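Please open the structure in your viewer and keep the selection panel at hand. The tour below goes from stop to stop, saying at each one what to select and what is there.

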Amino acid sequence: MTQPTRALPLSPGDSPAIGGPLGPYPRGWFLVRFSDELAPGVAVPIRYFGEDLVLFRGESGAVKILDAFCPHLGAHLGHGGKVEGDQIRCPFHAWRFDGDGVCTDVPYASRIPPRARVACWPVVERDGMIFVWHDPEHGPPDWELPSLASLLEEGRFTAWSHSVLEIKTHPREIVENLVDTAHFMPVHGTRADKFRNEYLGHVAVQHNSGVAYPLGGGEDAYDLTATYYGPAYMVTHMRGVRESLIINAHTPIGPNLLHLRFAVALRQQGDREISPEFTARYIDNLRRGYQQDVEIWEHKVFRERPLLSECDGEFGNLRRWYRAFYEPRASKGAAE
Ligand code: FES
Ligand SMILES: [Fe+2]
């Protein structure tokens, strides 16, 4: 009796580990909160890129991210730390650190130890979102995030309605959606009629038009442009039954574990206000769409050399573009 042959065994470079040989955390801007989740004077613990951090908003409104652990005896500044002005005071012995992480007060000593500081992470708050810059080489940001302000104001869009999922996968699985036309119908019930990608430095774009078949029946024609600014922040401008801006941003928590944040701003049409119930349904639909992908992402392997058909998307180009965010700046091909 002959043994059945395995159609495509794992070969060198393939990996049963999700994500394959790439390191877990690329260089780039990552969304950590929507602005309305962090009030002035509030400090919260966050954990991303395998690091414990404290995120706080000073009384002036400025947002800061510092390494979590106090250089004195190691208390976590995000668990009980008090915001004072734009600084934070440690909950343990009350040393105070400014937004750059420099110690500015040891209340029971006249001299501040010169090395008393914690690392400070670059932060940008833009368009109602808070981003942190992560770089394994600890370099300054390579590029600026775009501003959506003119689009949001001109179009009279609603405020962001947002949500978050925790997903057990490597970030690259999410990014590969950008070129993966063939999964639209089986996974999402969507037929892409026109589909094209382009790459420009740190930006990767999908132009896509087609027809969505919602679960409730009917058909919705759509036309969208989805743009990745760096490895983890995607803005989709969708024109269909409604015009919307959709955010899709993932941030690694640890190896093969990440947060996927998503949000929608809907364009107001006519004089009728868009109801919160309508927006909530829209977010629910987005969540369902992502969950369809999550079911695949959390159980798949990564194929370094996938067996592609002539009609599959341009995985090679996408992977080259994406890999550059993991490479040291000095190496050829690093994203600009
Ligand atoms: S541990 Fe922070 S002040 Fe002592
Ligand atoms: Fe998908």
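Select strand 13 (residues 190–200) together with strand 14, which pair in the antiparallel sense over 10 bridges; two strands count as paired if DSSP finds at least two bridges between them, and strands themselves are DSSP runs (E, at least two residues), numbered from the N terminus. This is a predicted model, in which local features need pLDDT of at least 70 and side-chain atom pairs count only at pLDDT 80 or more, while totals for chains, interfaces and linings use all residues. Residues are numbered from 1 along each chain as its sequence is written, chains are lettered from A and ligands numbered from 1 in the order in which they are written, and side-chain values use heavy atoms, with hydrogens and water left out.

Staying with this pair, find threonine 190, whose bridge partner in strand 14 is alanine 212. The hairpin of strand 13 and strand 14 has two residues between the strands, and glycine 201 there takes a positive phi near 60°. Now colour strand 14 (residues 203–212) by accessibility: eight of its 10 residues are buried, where buried means under 20% relative accessible area, exposed over 50%, and partly exposed in between (1.4 Å probe, protein chains only). Strand 14 also pairs with strand 15 (residues 220–229), again in the antiparallel sense and over 10 bridges, and valine 205 stands opposite threonine 227 in strand 15.

Next, select the iron ion (ligand 2), which is coordinated by Asn177 (OD1), His183 (NE2), His188 (NE2) and, through two OD contacts, Asp293, at 2.2 to 2.4 Å. Donors are N, O and S atoms within 2.8 Å of the metal (3.2 Å for Na, K and Ca), and since water is not among the atoms, sites may look incomplete. Along the sequence, the donor residues follow the spacing N-x5-H-x4-H-x104-D. Are asparagine 177 and histidine 183 buried or exposed? Asparagine 177 counts as buried because its relative accessibility is 18%, and histidine 183 is buried with a relative accessible area of 9%.

Move on to the open sheet of four strands, which has the order 5-6-7-8 with antiparallel pairing. Strand 5 (82–84) and strand 8 (103–105) stand at its edges, each with a single partner strand, so one side of each is left without a neighbour in the sheet. Two bridges join strand 7 (residues 96–97) to strand 8, and arginine 96 stands opposite aspartate 105 in strand 8.

For the cysteines, a search of the whole structure finds zero disulfides, a disulfide being a pair of cysteine sulfur atoms within 2.5 Å. Cysteine 103 has as its nearest cysteine sulfur that of cysteine 70, 7.5 Å away. Cysteine 103 counts as buried at 6% relative accessibility, whereas cysteine 311, at 60%, counts as exposed.

Finally, show the aromatic side chains, among which a search of the whole structure finds 15 aromatic pairs. Rings of Phe, Tyr and Trp (its six-membered ring) pair if their centres lie within 6.5 Å; planes under 30 degrees apart count as stacked, over 60 as edge-to-face and the rest as tilted. Tyrosine 322 and tyrosine 326 have ring centres 5.2 Å apart and planes at 65°, so their pair is edge-to-face. Tyrosine 322 is buried, with a relative accessible area of 2%, and tyrosine 326 is buried too, at 17%. To end, select Trp29, Trp133, Trp143, Tyr199, Tyr228, Trp321 and Phe325, which ring pairs link into a cluster.
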